[in-house]
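Work through the exercises below with the model open beside you. Each task is followed by a stepwise solution.

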Amino acid sequence: MYMTFIIGIIGKPSSGKTTFLNAACLTNAKVSELPFTTIDPNKGVAYVKTECVCKELKVEDNPKNSICLDGFRFIPINMLDVAGLVPDAHKGKGLGNKFLNDLVKADVLLHIVDISGSLDKSGNLVSMGNNDPYEDILFLEEEINLWFKDIIAREDWSKFAKTITTERRKVVEALYERLSGMQINKMQIIQSLKSSNLDNKNPSEWTDQDTLKFSKVLRQISKPILIVANKIDKEISDQNLKSLENRYDGPILPCSALAELLLRKYHEDGIIEYLPGSMSFEIIQEKKLTSNERETLNKIKLKILSLYKGTGIQNILNYAANNIANQICVYPVSDINSFADNKGNILPDAFLIKKGTRLREFVRDKIHSEIAENFMFGIDARTKKRLGENYELQDKNIIKVVTSSSK
Ligand SMILES: Nc1nc2c(ncn2[C@@H]2O[C@H](COP(=O)(O)OP(=O)(O)OP(=O)(O)O)[C@@H](O)[C@H]2O)c(=O)[nH]1
Ligand SMILES: [Mg+2]
């Protein structure tokens, strides 16, 4: 079964979640100043940008599952944008928190924060700087943890807890089954039990605080949140970002979803040449721009691209995949000399997988379960060395999978 990497977009109403999705995926989901514009989730496909191995190998590739532009491999990932969350959403405030259930399969969550501080907690306009983005980070994280707890301790919890004994292996197995479909593995459950000191406590004896503690740790590990300081183009934003950086202990990535959306649209229309993630663009059809548009583009160049080394979107997608979710990139091939598949396509596929993934898991999850059954060994196409099923895949590995039928 082929599973793609999923990024979920969360935040209070009007922080720019849908604009972020539209900019990253060039979708056309509805955006407006009014809070709760999004009710049903919006989906899109974005790309993580990695340096393609075609450069190093000096080959011309024919990508199939991804795109190669100027020696950069853009690998598709799924994005999901949901409704806005307000404080006490778990008690039913705003649109409540049930819509978060659409995010159970997400690998990473992006919290889109309005860094200009121009919106109250429910997404209504207030004067710039009046809202403290730090408070948004705190309330949102709490709501996400409480949502997670609601899923773990859903109504049949006491019945479930009674069926398991204290034996740790059984507790892990039972919790793993209960949480299936949430992108959670057994190691994460073991780690969360340990960190919340619940290793030796039978779930039937867990207090509400215990469940909350466990949910919090498990959420942190399995659905880490990356803070995105959106609307960085606004006047007061840079100052707010610096003040937030002094108080919040974690990465905060600046972004102007609006600027990225404009650049990608002008690029699509052939007016400018812009490679997502780059620090500049080139105007190729100057005549098609009004003087206002030219001025806007100039501002984007001076006040965003050069100051923040890009609009932030591509950097955020890459950071979420590489630094937060620890994804690496692997290229399966059939021919270790030409790096082609069995149809002659050179370096056809590039897959994102979690660091630590073993060859056998990779074959099972990313290639084909039938191939996994006949799996014998792998070959590193660079070194031509044989790799056993327990080989831990490394970033930019080019791998041939040998099966009993293909040998
Ligand atoms: N200046 C500026 N405005 C932005 C940016 N991103 C979004 N906006 C504006 O913010 C408003 C809300 O944008 P949306 O994308 O609809 O926000 P949302 O978070 O999806 O809102 P809900 O669906 O209601 O929760 C719109 O007027 C956008 O144009 C940005 O980077 N800079
Ligand atoms: Mg929206």
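Helices (H or I, at least four residues) and strands (E, at least two) are DSSP runs, numbered from the N terminus. The model is predicted: local features need pLDDT of at least 70, side-chain atom pairs count only at pLDDT 80 or more, and totals for chains, interfaces and linings use all residues. Residues are numbered from 1 along each chain as its sequence is written, chains are lettered from A and ligands numbered from 1 in the order in which they are written, and side-chain values use heavy atoms, with hydrogens and water left out.

**Exercise 1.** Find which residues coordinate the magnesium ion (ligand 2).

Solution. 
- Step 1. Search for donors: N, O and S atoms within 2.8 Å of the metal (3.2 Å for Na, K and Ca); water is not among the atoms, so sites may look incomplete.
- Step 2. The search gives OG1 of Thr 18 and OG1 of Thr 38, at 2.0 to 2.1 Å.
- Step 3. Thr 18 sits in helix H1 (residues 17–25) and Thr 38 in the loop between H1 and strand E2 (42–51), so the pair ties together parts that are 20 residues apart in sequence.
- Step 4. Check accessibility: buried means under 20% relative accessible area, exposed over 50%, partly exposed in between (1.4 Å probe, protein chains only). Thr 18 is buried at 7%, and Thr 38 is buried at 8%.

**Exercise 2.** Determine which secondary-structure elements line the second largest pocket.

Solution. 
- Step 1. On a 1 Å grid over the protein atoms alone, a pocket is an open set of points with protein on both sides within 12 Å along at least five of seven lines, where a 1.4 Å probe fits; lining residues have an atom within 4 Å of a point.
- Step 2. Get the volume, which is the space filled by probe spheres set on the points; these are joined across faces, edges and corners. The second largest pocket comes to about 590 Å³.
- Step 3. List the lining. It has 34 residues; closest to the centre are Ser 14, Gly 16, Thr 19, Ser 32 and Lys 231.
- Step 4. Assign elements. H1 and helix H9 (257–268) each supply at least two lining residues. H1 gives the largest share, 4 residues.

**Exercise 3.** Count the disulfides.

Solution. 
- Step 1. Apply the cut-off: a pair of cysteine sulfur atoms within 2.5 Å.
- Step 2. The count is 0.
- Step 3. Cys 25 is buried at 13%, and Cys 52 is buried at 4%.

**Exercise 4.** Identify the non-glycine residue with a positive phi of about 55 degrees, and the one with about 60 degrees.

Solution. 
- Step 1. Lys 58 has the phi of about 55 degrees. It lies in the loop between helix H2 (53–57) and strand E3 (67–69).
- Step 2. Lys 309 has the phi of about 60 degrees. Its loop runs between helix H10 (291–308) and helix H11 (313–324).
- Step 3. Check accessibility. Lys 58 is exposed at 74%, and Lys 309 is exposed at 59%.
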